[in-house]
Amino acid sequence: MRIPRIVGGAVALAVLGAAGFTAIAWRSGIEPIDPPASASFDPVQVAEGARLAAIGNCMQCHTAPDGKPFAGGYPLKTPFGTIFGTNITPDPETGIGSWSEAAFQRAMAEGVDRAGSHLYPGFPYDHFTKVTERDNRALYAFLMTREPVAADAPPNQLPWPLTFRPLLAGWKLLFLETGEFRPDPSKPEDWNRGAYLVEGLSHCGACHTPRNALGAEEKDKSFGGGESDGWHAPALNQASTAPVPWTKDSLYSYLRTGVSADHAVASGPMAPVVRNLSRVPDTDVQAIATYVADRMGAREAPADPPTPAAEAPRQPEGRAATIYRGACATCHDANGPLQFASPVGLDRATSLAQPDPRNAIQVILHGVETPDAKAAPLMPGFANALTNAQVADLAAYLRTRFTGQPVWDDLEAEVGRARTGDSSE
Amino acid sequence: MITLSVNGRDHQIDADPATPLLYVLRDDLHLNAAKFGCGLGQCGSCMVLADGLPVVSCVTPVVALEGRRIRTVEGLGGADDPGPVQRAFIDEQAAQCGYCIPGFIISAQALLERTPSPSDAEIRTALKPNLCRCGTHIRILRAVRRAADAMRTSVAANPGGEGGQ
């Protein structure tokens with residue numbers, strides 16, 4: 001009989017497939033250890049690990065808002081649901097205190113935890129796999145000498161079947177290319193250092209590269225612009241729309257001080273990146289700037305320079321223009337009456353020139369913090385003062401007046417979404 | 001002409017619609033509680049409430065506030081009948097030079113209307129936009145906690161009543 005044979009074949013295939021998949025998906029546990037004594041680690045290695053952890057921005061996703069450093073609980077919002085950063089302090093029960101160095105090395109290189117479960121790629125092991133064994137050893141030394149904190153991260157909020165971690169083995173088959181970074185011998189040393197950091201530990205592409213429907217970075221659009229936590233992560237390649245092209249020097253200034261006068265003040269999810277980089281040796285920041293500037297390429301200034309803030313048109317002033325005059329011009333007009341700091345000129349602000357309006361909206365709503373986020377903000381937020389419609393009008397007005405580009409679509413709804421993001425935080 | 005609702009009363013304002021609310025409050029309506037500090041929205045001494053939320057009135061043009069319910073410190077009570085937040089600031093002697101205090105009172109009022117039992121961290125976060133250069137922060141924090149207690153007690157004693165206005 002033909003049909004039973006087909007069924008039998010299908011069953012056999014399914015069994016074989018399941019067995020094969022299980023073989024691929026199954027990873028052994030690594031024996032737990034007693035947490036090593038802090039004194040057993042070389043202080044030089046610990047200090048090196050601290051610098052590397054700053055470059056990796058580890059603290060951001062592994063620390064809850066107002067929580068203890070590295071004790072986990074940070075809600076990482078993804079299109080699939082919310083994943084909570086885990087506790088990576090050396091607490092043996094809730095952190096990584098029982099992890100041997102081998103277990104840590106495997107997690108970084110392959111995205112598998114000590115017990116053998118696959119980790120979600122919210123932990124960017126597609127980048128961390130490039131980190132050298134030596135640097136991982138230093139990171140391990142740093143983390144294992146932190147204060148142990150007993151804290152369980154909240155359970156991830158993911159829909160079935162994503163809660164079934166063996167599925168991640170399939171994701172890895174499709175998208176994960178393991179292996180340490182290989183330098184390009186034709187490039188200078190600082191370029192290679194920058195490439196190693198940017199593509200590896202710094203995992204810049206995790207936000208700055210668009211992701212496909214399965215949440216993997218689209219390799220052919222590397223650095224083409226992505227997103228993070230309600231903000232647009234601008235393109236770091238030829239697709240950059242910065243009115244003044246980025247250079248190594250301006251990237252260095254931005255990453256070192258949080259400000260590039262011709263582009264932007266580091267804000268949103270980029271602000272903690274820059275704060276962490278302040279603990280990193282200058283040579284590494286220079287190297288990162290060298291590599292990213294090279295990836296951005298030499299871009300001609302646009303043929304049609306942005307229409308600068310010329311004479312106000314002699315027609316009845318719209319409501320947004322009035323709001324601009326009353327709320328923004330004091331600081332942003334070249335001859336504004338009160339200026340204590342020089343804000344980024346709006347004709348060159350990257351946020352207004354981007355294809356995505358979210359950063360402009362975020363800044364209007366929430367203002368701009370100082371790079372260390374301690375002093376009074378550089379710019380106050382207008383979330384309480386302006387309605388969604390007013391913010392949308394103002395964003396459209398700024399876009400037209402300072403960039404000459406077509407007004408963004410769907411602005412008022414976008415403002416609403418930016419506000420909803422607030423309340424869920 | 002722009003119609004502004006301030007402390008429960010409508011006012012017809014004849015001013016350039018881009019004029020910051022602070023100037024209209026002080027110069028046209030003679031409500032002098034809100035202060036001009038930096039003029040840049042940096043220090044909080046010009047704060048008022050718009051629909052219960054604190055806004056920096058020195059950089060908020062009146063055109064944006066039509067139809068919104070504005071309240072200033074004058075609307076929270078006067079010298080003879082201070083509101084609970086004002087009473088608490090007096091009882092704790094929270095002012096040194098006092099220039100920033102109206103802004104702190106506004107931030108505290110906005111906080112306590114939405115969060116009647118704030119934690120210390122919530123109080124500090126709510127007061128972050130306000131600067132005080134005399135350094136009376138500890139007394140200000142005590143005043144906000146005292147005001148919270150007083151407002152909860154008054155709500156408990158008079159559950160139907162509306163506090164603060």
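## Salt bridges

A salt bridge is a side-chain nitrogen of Lys or Arg within 4 Å of a carboxyl oxygen of Asp or Glu. In this structure, which is a predicted model, there are 32 salt bridges over all chains. One of them joins the side chains of A:Glu110 and A:Arg27, with a distance of 2.6 Å from N to O. The two residues belong to distant parts of the chain, 83 residues apart, since A:Glu110 is in helix α4 (residues 101-110) of chain A, while A:Arg27 is in the loop between α1 (2-25) and α2 (43-55) of chain A. Because its relative accessible area is 27%, A:Glu110 is partly exposed, and A:Arg27, at 26% relative accessibility, likewise counts as partly exposed.

On chain B, salt bridges that share partners connect B:Arg87, B:Asp91, B:Glu92, B:Arg142 and B:Arg146 into one network.

## Nonpolar cores

The largest nonpolar core holds 84 residues, and the members that touch the most others are A:Leu386, B:Leu4, B:Phe89 and B:Val144. Helix α3 (residues 101-114) of chain B gives this core its largest share, which is 8 residues. In soluble globular proteins, nonpolar side chains tend to be buried together.

The surroundings of B:Phe89 can be listed in detail: leaving aside residues up to four places away in sequence, B:Phe89 touches B:Ala94, B:Ile101, B:Phe104, B:Ile105, B:Ile140, B:Ala143 and B:Val144.

## Helix packing in chain B

Helix α3(B) packs against helix α4 (residues 120-127) of chain B at an angle of about 130 degrees, and the axes of the two helices are 9 Å apart. This angle makes α3(B) oblique to α4(B), and the crossing of α3(B) and α4(B) is right-handed.

On the side of α3(B), the residues that meet the other helix are B:Phe104, B:Ser107, B:Ala108 and B:Leu111, and on the side of α4(B) they are B:Glu122, B:Ile123, B:Ala126 and B:Leu127. An α-helix has 3.6 residues a turn, so residues three or four places apart point the same way.

## Helices of chain A

Helix α10 (residues 248-257) and helix α11 (residues 270-277) of chain A have axes that come within 7 Å and cross at roughly 85 degrees, which makes α10(A) roughly perpendicular to α11(A). The contact involves A:Tyr254, A:Leu255, A:Arg256 and A:Thr257 from α10(A), together with A:Met270, A:Val274 and A:Leu277 from α11(A).

Helix α4(A), where A:Glu110 is found, has as its buried residues A:Ala103, A:Phe104, A:Gln105, A:Arg106, A:Ala107 and A:Met108. The elements covering these buried residues include α5 (125-128) and α6 (133-144) of chain A. Just after α4(A) comes A:Gly111, which takes a positive phi of about 70 degrees.

## Backbone exceptions

Most residues other than glycine have a negative phi, and most peptide bonds are trans. Against that background, A:His203 has a positive phi of about 40 degrees although it is not a glycine. A:His203 is placed in the loop between α8 (189-199) and α9 (205-208) of chain A, and because its relative accessibility is 17%, under the 20% limit, this residue counts as buried.

A:Asp410, which is not a glycine either, has a positive phi of about 60 degrees and lies in the loop between α16 (388-403) and α17 (411-423) of chain A. At 48% relative accessibility, A:Asp410 counts as partly exposed, and its side chain meets that of A:Arg417 in a salt bridge with an N to O distance of 3.2 Å. A:Arg417, with a relative accessibility of 45%, counts as partly exposed as well. Finally, a cis peptide bond, with omega of about 5 degrees, joins A:Trp160 and A:Pro161, and A:Pro161 is found in the loop between α6 and α7 (167-175) of chain A.

Notes. Residues are numbered from 1 along each chain as its sequence is written. Chains are lettered from A and ligands numbered from 1 in the order in which they are written. This is a predicted model: local features need pLDDT of at least 70, side-chain atom pairs count only at pLDDT 80 or more; totals for chains, interfaces and linings use all residues. Side-chain values use heavy atoms; hydrogens and water are left out. A nonpolar core is a set of buried Ala, Val, Leu, Ile, Met, Phe, Trp, Tyr and Cys residues joined through side-chain atoms within 4.5 Å. Buried means under 20% relative accessible area, exposed over 50%, partly exposed in between (1.4 Å probe, protein chains only). Helices (H or I, at least four residues) and strands (E, at least two) are DSSP runs, numbered from the N terminus. Contact means heavy atoms within 4.5 Å. Axes are lines fitted to C-alpha atoms, for helices over the stretch in contact, and angles run from 0 to 180 degrees between N-to-C directions. Angles under 35 degrees count as roughly parallel, over 145 as roughly antiparallel, 65 to 115 as roughly perpendicular and the rest as oblique. A crossing is left-handed if the near helix is turned anticlockwise from the far one by less than a right angle, and right-handed if clockwise.
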